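Please have the sequence and the picture open while I talk.

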Amino acid sequence: MDDYSRPFFRAIAVTSLLVTATALYLLKGDIMNALEVLLTDPLAITATGLFRALVFPGLLFISVVPLMAEWVERKFVARVQVRVGPLYVGGPEGLLQPVADMFKLLFKEIIIPKNADRPIFLMAPVFAFVLGALPTIVIPYSPSMVIWNYGYGVLLFFAILAFFPLDVLLAAWSSNNKYSFIGGLRALYQQASYEIPIFLSALPAVMLAGSFRLADIAQAQSKVWFVFLAPVSAAVFFVSMLAEMERIPFDMPEADSELVSGWTTEYSGMAWGLYQFSIYVKMLAFAGIFVVFFLGGWTGPPVLPAVAWSLVKVSVVILVLLSTRAFWPRIRIDQLIRAGWGRLIPLAILNILLLVLFQHYLPGVVG
Amino acid sequence: MAVLGDGSFWFLVYLLLLLTTGLVLYSVSFALAPRVRSPLKEETFESGQIPPGGKRVRLVMQYFIFLLLFMIFDVVSMLLFAWGYAFFDYGPAGSAYPVLLLFFLVPPIYLTLKVARQVGV
């Protein structure tokens, strides 16, 4: 390691040690409890909070799903475009390609451009990663499989969501590049414009369930899924989701052919890797909340356990989200903003009005 | 505290775990990856050209009117959430004012889109 990178490494390593020590200190009771459960009744470990935070809806799950999603995306898009996609790494069909990519990124140099605002430039990807993964804390995969069964989960989800434009602007401004800055501004306009449709199209789910708790919203769909009661809202939510994630029909902020790669232009190595990771984790969070709002969460015929239903639905939604990359061209920024304000918001309002008009008939349908 | 449930503690823990993951990945990368400085490498990317002029350009205010509109709509939509929470409790008469509010939302959008078209956005 040369003298130039040593201070960065030292600062980051010391911070991570401090954070780890704090986490361990907070968790000392839970770790002892989990060990005790593991020794007496290994199957009961799934009921402990530590398991949820570390393994299933938590850390391990949200680390594995992005890797799988990346492989599925590359393979799927390749098949649509009559290519073979990843083929060689890790057994059949290049299954371990994303893992290989991750290790490759670990060994790559993080280049800090000239005159960049170094602390912000280096910390923005970490914030993006934390912000992208944090919404998954409120998403239930079964009545008990949720890290924090928060009474205002919907509001917490949208509150965390609102931080993204800030992080994008920080990254764009600190990397001292014109492409980054233009991309960052586009991302700001896009995410600000599509936050309103996403709020207004989430409103029918809250209205029908009468609760901000995501578990209650999923439980209220035991008779009819909300996608049948509020189909327009579901469509608006889906489109806004794509725009918030900067997926392909709405990927002007990182348009490869015009803006190099938008606000991530100057990022390389693991810094870029964290950004990619945050995008896919955000996709998981959005797919989870779409399933809870409109596709009934864990409810379904009792042929499968509740968690399996959730996972099947989330996988289907993620696959549909990924497939847009293969099928759609990019649209212009002014078309995007015009569509968001002129079409999606009136449509979301229309669905709310319909629900108000048919309010009398609804209580019998909502479980 | 009833509304927080027993999991409010896990919010802090989860936040710290995520921070740890990100920072550990970063520090491993810093420890393993080679770092060789060179003036050409650290030049900001501009498709192979030498970047001219200052890089921190002024804000492009083309779409600023939409950001202003966003500030209004953000508040209004959050207020609508407060109504939607008790949608069935109020009944049709109680929904009259929020519905009126929704109708008031349409003219600003129309005007903004019109102005934007005149400005050429």
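Before anything else, a word on geometry: axes here are lines fitted to C-alpha atoms, for helices over the stretch in contact, and angles run from 0 to 180 degrees between N-to-C directions. Helices are DSSP runs of H or I with at least four residues, strands are runs of E with at least two, and both are numbered from the N terminus.

Please keep in mind that this is a predicted model, in which local features need pLDDT of at least 70, side-chain atom pairs count only at pLDDT 80 or more, and totals for chains, interfaces and linings use all residues. Residues are numbered from 1 along each chain as its sequence is written, while chains are lettered from A and ligands numbered from 1 in the order in which they are written.

Let me begin with helix 7 (residues 164–174) of chain A and helix 8 of chain A, whose axes come within 8 Å and cross at roughly 170 degrees. These two helices of chain A are therefore roughly antiparallel to each other, given that angles under 35 degrees count as roughly parallel, over 145 as roughly antiparallel, 65 to 115 as roughly perpendicular and the rest as oblique. Their contact, where two residues count if their C-beta atoms, placed from the backbone, lie within 7 Å, includes F164(A) and W173(A) of helix 7 of chain A and S180(A) and Q191(A) of helix 8 of chain A. By class it divides into eleven nonpolar, four polar and no charged residues, where Ala, Val, Leu, Ile, Met, Phe, Trp, Tyr, Cys and Pro count as nonpolar, Asp, Glu, Lys and Arg as charged, and the others, Gly among them, as polar.

What does helix 8 of chain A do with helix 11 of chain A? The axes come within 8 Å and cross at roughly 150 degrees, which means that helix 8 of chain A is roughly antiparallel to helix 11 of chain A. Among the residues that meet there are Y194(A) and I198(A) in helix 8 of chain A, and V236(A) and F237(A) in helix 11 of chain A; the contact divides into eight nonpolar, five polar and one charged.

Helix 5 of chain A and helix 13 of chain A, by contrast, pack at an angle of about 15 degrees with their axes 8 Å apart, and so helix 5 of chain A is roughly parallel to helix 13 of chain A. The contact includes L122(A) and F129(A) of helix 5 of chain A, and L274(A) and F277(A) of helix 13 of chain A, and it has twelve nonpolar, two polar and one charged residues.

Turning to the two chains, 75 residues of chain A are in contact with 65 residues of chain B. Helix 8 of chain A gives the most to the side of chain A that touches chain B, with 14 residues, and that side divides into 49 nonpolar, 17 polar and nine charged residues.

Finally, confidence: the model scores ipTM 0.85 and pTM 0.89. Using pLDDT, the predictor's confidence in each residue from 0 to 100, the mean for chain A is 86, with 98% of its residues at 70 or more, whereas chain B averages 78, with 85% of the residues scoring at least 70. Over residues 1–5 of chain B, pLDDT stays under 50. Where pLDDT is low, the predicted coordinates should not be read in detail.
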